[in-house]
Amino acid sequence: MHLRVQGDDKLRGKSLTFLPPYPKTLARKDCCPVYGIDQMTVTEDVALVTLHQVPAKLPLIAGIFETVGESGINIDMISQTTPQGGWVSLSFTVSGEELPKMMSLTARLKERHAEIRPLLSSGNVKLSLYGKEMVHMHGVAAAAIQTVSQVIEHIYLITTSELDISFLIPASDLPAASQALQKRFGL
């Protein structure tokens with residue numbers, strides 16, 4: 001990861017290279033964020049849990065999240081497909097440290113609901129773009145996705161709010177994706 005130094009007189013104009021672990025937050029210091037984005041954060045060691053063929057029954061889905069919470073596991077990103085033929089796919093992220101617990105929970109879930117097809121993936125990072133002004137701007141997600149698509153092959157999960165957009169990507173793609181986003185959004 002490369003950053004251009006602007007504030008420090010001794011380093012101004014020089015390019016710095018960061019090696020893993022990457023800085024957790026990069027913040028824009030000037031007045032004019034591009035597309036309203038003024039900060040990028042990285043969360044390392046993220047596991048993806050995807051449950052395919054979950055019966056589209058809200059009490060069951062709520063029960064899945066309740067069981068995860070009762071196990072002391074914190075869920076971060078959540079995505080659910082629209083119901084199709086009585087089924088949904090459900091994806092969410094947890095800390096990589098929690099993967100053994102999640103493996104046990106998904107095995108128990110599969111015993112009770114044989115139709116559910118779990119898929120667990122480790123070795124991911126969450127890359128988030130944040131800005132208070134994003135709420136007033138259009139095309140932010142398009143610009144971010146287009147930028148990332150030019151340098152990596154897969155985004156596993158995308159979540160958004162009025163103030164942020166987050167991508168779950170393979171950890172090996174972090175340098176390319178973060179550099180491209182820094183350049184695109186002036187971070």
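This is a predicted model: local features need pLDDT of at least 70, side-chain atom pairs count only at pLDDT 80 or more; totals for chains, interfaces and linings use all residues.

**Glutamate 98**

I began with glutamate 98, which sits in the loop between strand 6 (87-95) and helix 2. Leaving out residues up to four places away in sequence, I found that glutamate 98 touches Gly72 and Ile73. Is glutamate 98 buried or exposed? Its relative accessible area is 17%, and buried means under 20%, so glutamate 98 counts as buried.

**Salt bridges**

Next I asked how many salt bridges the structure holds. I found two salt bridges. I reminded myself that side chains of opposite charge can pair when their charged atoms come close.

One of them joins the side chains of lysine 101 and glutamate 98, at 3.5 Å from N to O. Lysine 101 is partly exposed at 39% relative accessible area, whereas glutamate 98 is buried.

In the other, the side chains of aspartate 76 and lysine 126 meet at 2.6 Å, N to O. Lysine 126, at 13%, counts as buried.

**Helix 1 against helix 2**

Then I turned to the helices. The axes of helix 1 and helix 2 (residues 99-112) come within 11 Å and cross at roughly 145°. I noted the crossing as right-handed.

Which residues meet there? From helix 1 I listed Ile64, Thr67 and Val68, and from helix 2 Met102, Leu105, Arg108 and Leu109. By type, this contact divides into five nonpolar residues, one polar and one charged.

**Isoleucine 61**

My last stop was isoleucine 61, also in helix 1. Its relative accessible area is 6%, so isoleucine 61 is buried. What does isoleucine 61 touch, not counting residues up to four places away in sequence? I wrote down Val54, Pro55, Gln80, Val88 and Leu90. For glutamine 80 I also looked up the spacing: isoleucine 61 and glutamine 80 are 19 residues apart in sequence and 10.0 Å apart in space, C-alpha to C-alpha.

How values were computed. Residues are numbered from 1 along each chain as its sequence is written. Side-chain values use heavy atoms; hydrogens and water are left out. A salt bridge is a side-chain nitrogen of Lys or Arg within 4 Å of a carboxyl oxygen of Asp or Glu. Buried means under 20% relative accessible area, exposed over 50%, partly exposed in between (1.4 Å probe, protein chains only). Axes are lines fitted to C-alpha atoms, for helices over the stretch in contact, and angles run from 0 to 180 degrees between N-to-C directions. Helices (H or I, at least four residues) and strands (E, at least two) are DSSP runs, numbered from the N terminus. A crossing is left-handed if the near helix is turned anticlockwise from the far one by less than a right angle, and right-handed if clockwise. Contact means heavy atoms within 4.5 Å. Ala, Val, Leu, Ile, Met, Phe, Trp, Tyr, Cys and Pro count as nonpolar, Asp, Glu, Lys and Arg as charged, and the others, Gly among them, as polar.
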